[in-house]
Amino acid sequence: MNASTQSHSFDLATAKVRDLNAALHALKEGSNASLWRVSNPRGLHALAAGLDAPVTVEIDGPVGYYCAGMNKQATVIVRGNAGVGIGENMMSGRIEVEGDASQAAGATAHGGLLFIRGQAGARCGISMKGVDIVVGGSVGHMSAFMAQAGTLTVLGDAGEALGDSIYEARLYVRGQVKSLGADCVEKEMRDEHKAQLFEKLKAAGLEGQVDPSDFKRYGSARTLYHFHVDNASAY
Amino acid sequence: MNEHVKGPAAPRTLPRESATFDAYTLSEIRRAAATGIYDIRGAGAKRKLPHFDDLLFLGASMSRYPLEGYREKCGTGVVLGDRFAKKPIELKIPITIAGMSFGSLSGPAKEALGRGASAMGTSTTTGDGGMTPEERGHSTKLVYQYLPSRYGMNPDDLRKADAIEVVVGQGAKPGGGGMLLGQKISPRVAKMRTLPEGIDQRSACRHPDWTGPDDLEIKIEELREITDWEKPIYVKVGAARPYYDTALAVKSGADVVVVDGMQGGTAATQEVFIENVGIPTLAAVHQAVKALQDLGMHRKVQLIVSGGIRNGADVAKALALGADAVAIGTAALVALGDNDPRWESEYEALGTKAGAYDDWHEGRDPAGITTQDPELMKRLDPEIAGRRLANYLSVMTLEAQTIARACGKSHVHNLEPEDLVALTIEAAAMANVPLAGTNWIPGKTGF
């Protein structure tokens with residue numbers, strides 16, 4: 001942040017979530033009110049949801065459900081843990097969680113970067129539609145369930161049924177995968193994939209700390225793309 | 001030949017078909033045996049069910065007087081979503097257009113729905129494929145569905161909507177997800193849904209980021225925060241346990257509850273699901289109303305009922321039982337031109353007939369409505385079809401007003417259960433109104 005940036009403070013011990021979101025929604029493109037510091041979030045829900053301006057919001061503590069839901073353009077930093085559905089359906093921008101994230105992180109998200117430094121719970125990246133998700137720790141079971149597009153990068157391990165019924169999303173996992181879901185298979189890690197993974201790691205600020213060669217790639221076998229009675233046992 | 005009978009041909013009993021194994025059942029067994037996969041089709045339950053036909057209005061008599069037709073006013077307006085939303089929806093008629101997806105329906109069909117509904121001052125609803133510019137542009141009031149798949153979901157369209165409908169389920173398939181077969185995943189549909197072209201697409205049956213009413217409450221709070229508490233939020237459920245589902249929707253913070261009975265249509269689902277899961281619309285209305293009344297929320301949280309609404313009598317009966325509005329889907333498509341006998345030879349070529357065509361998922365609709373085929377789509381002129389829908393909505397409204405005036409009501413919402421009787425014991429029990437000619441409500445009052 002340069003010195004000319006206007007900084008605002010918002011204390012949720014006294015102000016309401018509605019007031020915070022209304023103030024953030026009132027920001028327009030080109031606004032110079034670009035750094036917002038939010039204190040005492042205390043696990044409140046829907047914090048910084050529905051933003052659509054290139055601002056930075058730093059939340060000092062744990063957040064509840066759907067923090068930064070449907071985010072566009074904004075950078076939202078959570079200095080704590082995040083509840084269910086952090087960054088759900090985000091379109092663009094950047095969300096960073098310094099702690100762990102609960103279930104359904106980045107659910108159905110279309111774009112932008114969701115970076116979780118800690119662990120992510122079950123169904124991380126469920127039905128993702130183009131977002132890039134990077135998880136520093138491990139992800140829980142059924143992550144990337146029905147994932148349609150985008151990338152999920154996991155530096156730790158993945159739980160059961162990774163990528164179940166996956167479409168065209170790409171999954172990169174450095175650690176162990178407990179099991180793969182229906183129609184999800186390990187795929188060859190070619191140079192183009194290492195280059196893509198490097199870009200995602202770089203976007204998260206992890207370049208040089210992690211070697212793309214240590215990852216395995218998973219994706220759709222595309223055998224369930226058309227209903228066929230012979231596949232009935234796979235469903 | 002019976003040995004004891006002499007002479008010319010002895011009398012024989014007629015060939016007897018089984019009521020249990022009737023012709024349809026036999027054909028389905030043969031189809032299953034040949035293909036090894038269940039039958040998929042569109043539309044809602046087709047079997048005979050207790051329905052609004054089993055109710056009658058009593059009209060005015062000695063103890064109450066009617067209103068003059070064409071002279072004395074009978075209001076039809078309805079306000080939806082004034083519990084929490086800053087901008088409730090005001091409709092001129094209590095008949096809305098139910099959610100149907102772009103993908104399932106063609107772009108011109110969605111446009112026609114918008115034109116017809118807007119001409120009559122009512123709303124249309126998106127579906128499991130996102131919001132199209134055609135639909136937004138031609139609908140003065142548009143309800144944006146929030147579905148498990150979240151195809152095309154984005155905050156810009158959310159803010160363009162006039163209301164948001166969180167879809168938990170639908171009457172044709174409570175507990176089921178959707179499917180759209182590859183024939184209908186055109187490049188445009190694929191792009192809107194972020195899917196590869198031409199694949200058979202499965203829509204999820206559960207929402208990805210919430211489960212149950214406690215989560216839903218938080219989800220609704222998020223949607224309200226994103227849209228600055230402006231939009232009414234509906235919760236739509238398939239009729240299964242309407243008393244509890246309605247109560248839980250209210251608890252979750254819904255402005256409006258939509259209850260869809262098993263006659264409500266779907267774009268494509270297993271036949272076995274459509275015909276065997278969920279309850280009829282008639283059986284759902286009273287339970288939903290009772291839940292609202294028990295919570296002191298009747299008329300504060302509005303109730304929309306759908307599933308097999310066909311005419312003004314159905315509208316009036318649903319309202320008399322306590323609904324605030326109804327929604328139509330299948331009937332609206334018929335008004336546009338779906339299943340029209342003018343295409344009879346083409347229906348026959350598809351192995352069906354006008355009035356029975358329900359393979360909407362195959363995308364070969366001769367009427368050009370449930371298709372993404374550019375040539376078939378051209379058959380539907382959205383302006384003419386929109387006008388037909390407006391005409392039909394107008395007739396339904398006039399019919400409902402006619403009945404309301406006959407019952408002495410100056411607004412269709414003044415219709416009440418006391419105006420109704422049932423023709424069958426089943427209908428009396430389901431609708432909680434007396435059997436005609438008696439004061440008997442099964443389970444409530446003595447003979």
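**Confidence first**

Modeller: Chain B averages a pLDDT of 94, and 98% of the residues score at least 70. pLDDT is the predictor's confidence in each residue, from 0 to 100. This is a predicted model, so to speak of local features we need pLDDT of at least 70, and of side-chain atom pairs 80 or more, while totals for chains, interfaces and linings use all residues. Residues are numbered from 1 along each chain as its sequence is written, with chains lettered from A and ligands numbered from 1 in the order written.

Colleague: What ipTM and pTM does the model score?

Modeller: ipTM is 0.95 and pTM is 0.95.

Colleague: Now packing. At what angle do α2(B) and α14(B) pack?

Modeller: About 40°, with the axes 7 Å apart. Helix α2 of chain B covers residues 107-119 and helix α14 of chain B covers 382-406. Helices are DSSP runs of H or I, at least four residues, numbered from the N terminus. Axes are lines fitted to C-alpha atoms over the stretch in contact, and angles run from 0 to 180 degrees between N-to-C directions.

Colleague: Why call α2(B) oblique to α14(B)?

Modeller: Because of that angle. Under 35 degrees is roughly parallel, over 145 roughly antiparallel, 65 to 115 roughly perpendicular, and the rest oblique.

Colleague: Which residues of α2(B) and α14(B) meet?

Modeller: Among them, L113(B) and A117(B) in α2(B), and L389(B) and L393(B) in α14(B). Contact means C-beta atoms, placed from the backbone, within 7 Å.

Colleague: Switching to the interface. How many residues does the contact take from chain B and chain A?

Modeller: 22 from chain B and 37 from chain A. Helix α6 (residues 212-226) of chain B gives the most to the chain B side, with 5 residues.

Note on methods
Helix = DSSP H or I, 4+ residues; strand = E, 2+ residues; numbered from the N terminus. Contact = placed C-beta atoms within 7 Å.
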